[in-house]
Amino acid sequence: MSDKEKLITQEYSSLSATRNHKNGKLPWYFASGFLLFWGLLFFAIVIPLLYRLPTALTLEDADRNVYIAERAYKDLYGLSNLGTKIIGSKENEVDAVEFLLQKLNQIKEDSLKEYFDIEIDLSQASGEFPYSDLLNKYQGVQNIAVKFSCKNSTSQTWLLVNSHFDSKPDTPSAGDAGFMIVTMLEVLRVMSTTRQTFEHPIVFLFNGAEEAFLLASHGFMTTHRWAPNLKACFNLDAAGSGGRELLFQSSPNHPWLVNYYYLYAKHPFGTTLAEEIYQSGIVPSDSDFTNFKEYMPGMDFGQVFNGYIYHTKYDTIDVIPRESFQNTGDNALSIIRALSNATELRDTEAHKTGNVIFFDFLGLYFFHYSASTGQSLNYGIAGTALALVFISMWRMAAVSQVSICYVIKWYFLVQVMQIISFVLGLALPIVVTYVMDSYDRSLTYYSNPLLLIGLYVCPSLLGLSLPITFYYSLQQNNKISAPYHLQLALHSQAVILGVLTITLTSMGIRSTYIFMIPLLFYVISLMLNLMTVMHDLGYAWTGLLKLSQVAPFLYSSYLMYLFIVVLTPMGARGGSASNADLTISVLAALGTVLSFGFLVPLINTFRRPSLVIFTLLASTALTIYLASSTQVGFPYRAKTSGLRVAFLHSRNRFYEYDGSLSKEESGYFFSFQDRREEKALDGTDVDLTGLVSIETKCYTQMMCGMPMYNLHFVNNRLQSKWLPRSEPIVLPGTTKLELLSKTIVNTTTVRLEFNLTGPPQTNLYFQTYEDVTIINWSFTRKYLEESPAYPLSYHVHFNYGNDSSPLNFYLELYKWNGNFNVGLIQVGVVGHYIGFERDEHAENFASTFPKYAILSDWATSYDRYIY
């Protein structure tokens with residue numbers, strides 16, 4: 001033994017006599033209270049702060065030149081009462097446009113004309129662009145753009161503020177995105193009546209076609225005369241209704257934008273994790289920011305709470321608290337004002353300096369730093385943790401009068417047990433998910449989020465506690481005290497987080513900070529304990545540890561609960577092919593592991609910790625029973641959290657090469673939105689006799705021989721089903737494809753010219769026979785070259801707004817043998833008659849659905865031709 005080790009041994013020799021007293025455990029009945037304390041902390045602090053909103057201002061506050069929630073509320077009342085505003089409808093192309101123009105002209109009339117210029121421009125756009133696996137073709141989509149600038153402004157770099165006023169079928173769209181439209185109106189109203197100048201003109205874009213795959217924003221950026229001057233964008237959208245708006249995207253390499261958010265957002269709410277999850281494709285939504293970011297940097301905001309009513313008839317103004325208007329308006333007004341004076345706007349390319357990491361802490365403070373700083377921070381904290389763990393073990397060896405190798409040997413054994421605990425903490429909730437899914441009991445927590453505690457949190461806690469508790473009940477080592485063994489378990493958890501932090505940081509994942517935060521606070525407590533005698537005084541070190549874990553517990557539980565709140569409603573509209581429970585269980589497990597990873601082992605400071613394990617096991621079993629065998633676990637509730645049922649009243653006709661009609665059928669084409677599919681309607685009055693899967697048709701017929709509406713229908717096609725009906729569907733209109741000419745260009749090429757007329761939403765499918773190739777067409781060649789037709793087809797999604805003129809197009813087909821007197825290509829034409837009145841049979845069928853069902857249905861035609 002070295003002189004230094006002897007000194008340390010002598011220093012702590014006086015403590016050895018009292019070690020048995022200090023190692024004494026607390027009574028068993030405190031153990032459950034220990035876990036209950038953290039649960040109460042979650043419900044007392046995290047939940048209230050997550051939903052916290054500012055006081056809504058009224059017209060009495062208007063003289064303060066601030067955002068007035070009451071005025072925005074009144075604007076939304078008028079806009080949402082116009083009804084469904086789908087592209088091509090009178091409500092969207094006429095009523096909404098007139099409403100907004102009236103509001104904007106009034107704002108212009110009331111503005112301080114000696115300070116500001118306001119130019120209002122109503123425009124139409126036409127164009128096309130590839131979007132995922134389809135081609136968007138559009139004409140006559142409308143945009144209302146307002147250029148707001150200071151008198152005599154000479155700046156040629158402008159700021160864009162955007163949202164959309166159109167809607168999905170069957171929804172008044174108060175939240176998505178009428179709420180954001182009136183936010184823009186009120187921001188413009190306040191700025192134009194306040195004697196506060198700014199440098200850069202602002203373009204407020206009220207676009208009329210976002211829901212049909214981002215058409216109007218694309219048209220504006222590619223055709224409008226103001227587009228070249230736009231240098232940054234502030235996009236407002238929604239995936240829910242009410243609550244706080246989330247900053248869920250910011251342009252890469254432009255950290256100055258997040259810095260402005262940090263400086264001027266009055267109610268910060270955002271996280272890099274949201275950005276990375278959104279960009280991974282997990283979220284079944286998109287926003288105009290997808291188009292804007294191709295031209296300029298910017299920030300993307302969205303309402304994310306109460307996604308249960310998103311894109312449904314229940315997306316009404318009465319479910320939005322006025323305080324939510326104030327929250328979003330305060331932020332928007334402050335940030336837009338700041339950006340309109342941003343020096344960076346003069347040359348945004350000069351300020352590209354790398355990615356940024358950002359997150360708010362309970363809405364109280366907003367952190368942001370560069371990705372390079374994040375890397376240094378992550379590596380530094382992980383390295384410090386590993387170093388302190390070794391120093392701690394060296395202290396244990398010195399005080400216990402054993403060799404460091406002896407301590408390390410026991411550490412490795414504990415590390416194995418802790419790895420098992422970590423894996424089980426993540427895996428057991430997933431096991432529960434697969435078991436419930438195998439018995440058709442998915443989404444049991446959909447209307448009762450408290451079930452998540454028993455379904456996923458308790459199994460995760462069980463996994464975290466079982467191996468290490470089992471180890472401590474069996475190990476018999478008198479050379480190293482029980483408190484030291486427990487510290488080794490926590491050191492093992494720190495090593496796991498440290499390795500994860502280093503690995504994920506090296507992979508460039510900016511959200512790695514979620515692992516760094518609990519590790520940072522453990523490092524702080526360990527360092528303080530090592531600097532005092534508390535490290536070696538029995539369980540005295542647990543005091544600082546518990547105190548240090550309050551902040552990471554609050555943040556980790558806050559963050560993961562946020563994503564559970566946001567993603568749970570999305571699980572009922574993401575399609576039946578995916579198991580949404582898997583995402584939620586992983587989030588719950590990750591949140592539990594991060595929140596309790598350094599706390600659960602402390603149940604071993606109490607006598608009979610096995611009672612905690614049995615309590616967790618009993619809670620899990622009881623919850624599974626309630627979720628699977630009682631009405632508590634039935635997912636759907638009328639109005640608040642309904643079952644989304646999408647079905648099209650379709651009349652399908654198949655024409656052969658000679659023009660003869662070979663097959664005609666009418667029925668209901670179901671694209672089930674969630675995992676339970678038609679089983680969610682078992683025991684109701686809905687008669688689904690004859691319902692069959694279309695999967696086999698998808699392997700033999702172009703686009704399954706069905707009228708796909710959008711990408712969600714296409715992606716969910718293998719799980720879609722068909723219910724035939726004896727009475728033919730009576731279509732409210734005609735969708736007509738006319739072959740204008742067939743011209744032989746040369747010995748191997750033929751040109752077909754067509755004319756298409758129909759409703760505002762139509763689809764075209766093209767699929768050639770094996771010896772035929774489309775070598776040219778009137779649509780963009782990029783899509784033709786990058787999207788292979790087989791096994792599905794080329795898919796053109798055609799929409800028109802205020803221009804209903806026919807679509808003329810041509811195809812040039814190559815066939816090596818020049819035999820053009822046979823079938824060369826199949827062409828499918830789909831017309832969607834949204835907003836039609838159901839016929840008697842359809843009305844009777846719809847009336848049989850239960851009150852908790854939210855129907856989305858309309859008439860469609862599908863015609864297959866061979867040319």
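How many nonpolar, polar and charged residues are there in the lining of the largest cavity? By class, that lining has 5 nonpolar, 3 polar and 3 charged residues, where Ala, Val, Leu, Ile, Met, Phe, Trp, Tyr, Cys and Pro count as nonpolar, Asp, Glu, Lys and Arg as charged, and the others, Gly among them, as polar.

Welcome to the structure above. This is a predicted model, in which local features need pLDDT of at least 70 and side-chain atom pairs count only at pLDDT 80 or more, while totals for chains, interfaces and linings use all residues. Residues are numbered from 1 along each chain as its sequence is written, and side-chain values use heavy atoms, with hydrogens and water left out.

**Spaces inside**

A search of the whole structure turns up 8 cavities of 30 Å³ or more. On a 1 Å grid over the protein atoms alone, a cavity is a set of points where a 1.4 Å probe fits but cannot get out, and a pocket is an open set with protein on both sides within 12 Å along at least five of seven lines; lining residues have an atom within 4 Å of a point. Grid points are joined across faces, edges and corners, and a volume is the space filled by probe spheres set on the points.

The largest cavity holds about 50 Å³. Among the residues lining this cavity are Ile 86, Asp 166, Lys 168, Glu 211, Tyr 709 and Asn 799.

The second largest pocket has about 770 Å³ of space. Of the 30 residues that line this pocket, Gly 39, Phe 43, Ile 453, Val 457 and Phe 596 are the closest to its centre. The lining divides into 22 nonpolar, 8 polar and no charged residues. Helix 3 (29–50), helix 14 (451–474), helix 18 (550–570), helix 19 (580–596) and helix 20 (610–629) each supply at least two of the lining residues, and helix 3 gives the largest share, with 8 residues. Here helices (H or I, at least four residues) and strands (E, at least two) are DSSP runs, numbered from the N terminus.

**Helices that meet**

| Helix pair | Axes | Angle |
|---|---|---|
| Helix 4 (residues 69–80) and helix 11 (residues 322–339) | within 9 Å | roughly 110° |
| Helix 14 and helix 19 | 9 Å apart | about 50° |

Axes are lines fitted to C-alpha atoms, for helices over the stretch in contact, and angles run from 0 to 180 degrees between N-to-C directions. Angles under 35 degrees count as roughly parallel, over 145 as roughly antiparallel, 65 to 115 as roughly perpendicular and the rest as oblique. Helix 4 and helix 11 are therefore roughly perpendicular to each other, whereas helix 14 is oblique to helix 19.

In the contact (heavy atoms within 4.5 Å) of helix 4 with helix 11, residues including Tyr 73 and Leu 76 meet Arg 322, Phe 325 and Gln 326. This contact has 5 nonpolar, 1 polar and 2 charged residues.

**Two backbone details**

Most residues other than glycine have a negative phi, and most peptide bonds are trans. The peptide bond from Asp 176 to Ala 177 is cis, with omega near -5°, and Ala 177 lies in helix 6 (residues 174–192). Asn 306 has a positive phi, near 55°, and sits in the loop between strand 7 (298–303) and helix 11.
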